[in-house]
Amino acid sequence: MMEEKIELIENYLSGEMSVKEMLEFEKMLKADSELMEEFKLRKSINDALSEDDVMQLTDKLNDIADSIGSHKKRTLNPLTISSIAAVLIILITVSTIFFRTSKLDNQSIYEKYYQKYPSVVSSRSANEYSMKELFESYENGDYAKAEKNMKDLLENESSNYLVMFYLSLALIEQGKLNEAEKYLHNLVNSKGHIFWEQSNWYLALVYIGQNNNVNAKELLDQIEKENMVHSTEAKEILKVLN
Amino acid sequence: MKYRKGNKLIEGILHQDEKVLRDIYADNFPSVKRYILDNSGSEQDAKDVFQDAIIIIYRKIKEGTFELSSTFKSYIYSVCRFLWLKELERKRERNANSNSYIEYEEVPDVTIDEYEKNEQYKLYQLHFKRLSKDCQKILKLFLDKVPLKDIADELGVDSMQFMKKKKYKCKEQLIKYIKSDPKFESE
């Protein structure tokens, strides 16, 4: 596979494309079966590598299996996971401090326009205990719990857009913008659900929060042009950003 | 969740509690080992299968699809048997004494999708661990959406161009390992 194509796939998967580029890439995918196959493989690999917990469990089970017999370890590095975690914590802390102290303009825009989205499910799905519980934690502001529950649910129903949408919001509420961005990308890329316009709006706000004005402007522009919800606000922000 | 919350074994697996995991090995591994040794497998095969079974069960618990209708002992035994029959089928060495189709039906809880996902992810994760520590770190941080600039700082790299190339090389090395694994083709 050509290096160019590989780069396209990787950029798409890591969310490094503008909305326009993403749409173009999706068109290419549909037309090129070889590209599609490679894309699926790389996506699946990324999903597998995101399973920190399973890799940790594998290491633990290897140790246990070794201790009950004389075989050599199949895999190694018990320290890797914890050192990655430590690095991540430092990076997140540093970037949060940086974010809080350096770019007040974007932050004030973000704070001015960001509003918690109301929960729509609390009464409607009261018969489904887990849904009820998870929207209760969202409504009560227990976003960490809401995040955990929603992720659990999403493991099972990966295309449940309602849960994905509220998970993004629970992440935003906790300041986990990068992670929220990932889910909002998915939502924006999958049309035909009722949270599509709202997802565009929140993704634009996340970009602002991340000081990613290039993507923010592009998306706000689209929100305004296509007259989506919050198009008036989008126009206002664009004036400030330009 | 479909399992009873009071079930210590299940909670223990979910929380990767070492004592619980050791107890599971102590109570269940001998019978699984016997079955596999009796059916043209080795002790290492038995260990691999047992480990896969726990990981599949772990994913099911995490996803809320785990349901225990019999004892845990018979559950894990039947999952192991299912996995071993799949392995034999793959090696085209199916044991003449066991009719795999009948045995598969005894494991209604493990779907082919779950089995295949486990096979794929196991392969990808195994090769990931073959990469250098630096490569593992870069790919993990990148997947966690840590900006490339911060990853470069962490590794003491000051050229972003170099960092991009390094990330690309790490990923392609992983892909190369995976694609050249004989198990990759058979998936």
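Which residue forms a salt bridge with Glu38(A)? The partner is Arg42(A), with the closest N and O atoms 2.8 Å apart. A salt bridge here is a side-chain nitrogen of Lys or Arg within 4 Å of a carboxyl oxygen of Asp or Glu. The model is predicted, so local features need pLDDT of at least 70 and side-chain atom pairs count only at pLDDT 80 or more, while totals for chains, interfaces and linings use all residues. Residues are numbered from 1 along each chain as its sequence is written, chains are lettered from A in the order in which they are written, and side-chain values use heavy atoms, without hydrogens and water.

**Salt bridges around Arg42(A)**

- Arg42(A) and Glu38(A) are 4 residues apart in helix α3 of chain A, which means a separation of about one helical turn; helices are DSSP runs of H or I with at least four residues, numbered from the N terminus.
- Arg42(A) also meets Glu10(A) in a salt bridge, at 2.8 Å from N to O.
- Arg42(A) is buried at a relative accessible area of 1%, as are Glu10(A) at 6% and Glu38(A) at 8% (buried: under 20% relative accessible area; exposed: over 50%; partly exposed: in between; 1.4 Å probe, protein chains only).

**Other salt bridges**

- Over all chains, the count comes to 30 salt bridges.
- In chain B, Arg90(B) and Glu87(B) form one at 3.8 Å, N to O.
- These two residues sit 3 apart in helix α4 (residues 72-91) of chain B, about one helical turn.
- Arg90(B) is partly exposed at 25%, whereas Glu87(B) is buried at 17%.
- Shared partners join Glu10(A), Glu38(A), Arg42(A), Lys167(B), Lys171(B), Glu172(B) and Lys179(B) into one salt-bridge network.

**Nonpolar cores**

- The largest nonpolar core has 48 residues, and those with the most contacts inside it include Tyr138(A), Tyr166(A) and Ile237(A) (a core is a set of buried Ala, Val, Leu, Ile, Met, Phe, Trp, Tyr and Cys residues joined through side-chain atoms within 4.5 Å).
- Elements of chain A giving two or more residues to this core include α6 (104-113), α9 (161-173) and α13 (231-241).
- Its largest share, 10 residues, comes from α9(A).
- Another core, of 38 residues, lies apart from it and includes Phe29(B), Ala53(B), Ile61(B) and Leu85(B).
- Neighbours within four places in sequence aside, Leu205(A) is in contact (heavy atoms within 4.5 Å) with Tyr110(A), Tyr113(A), Tyr114(A) and Ile237(A).
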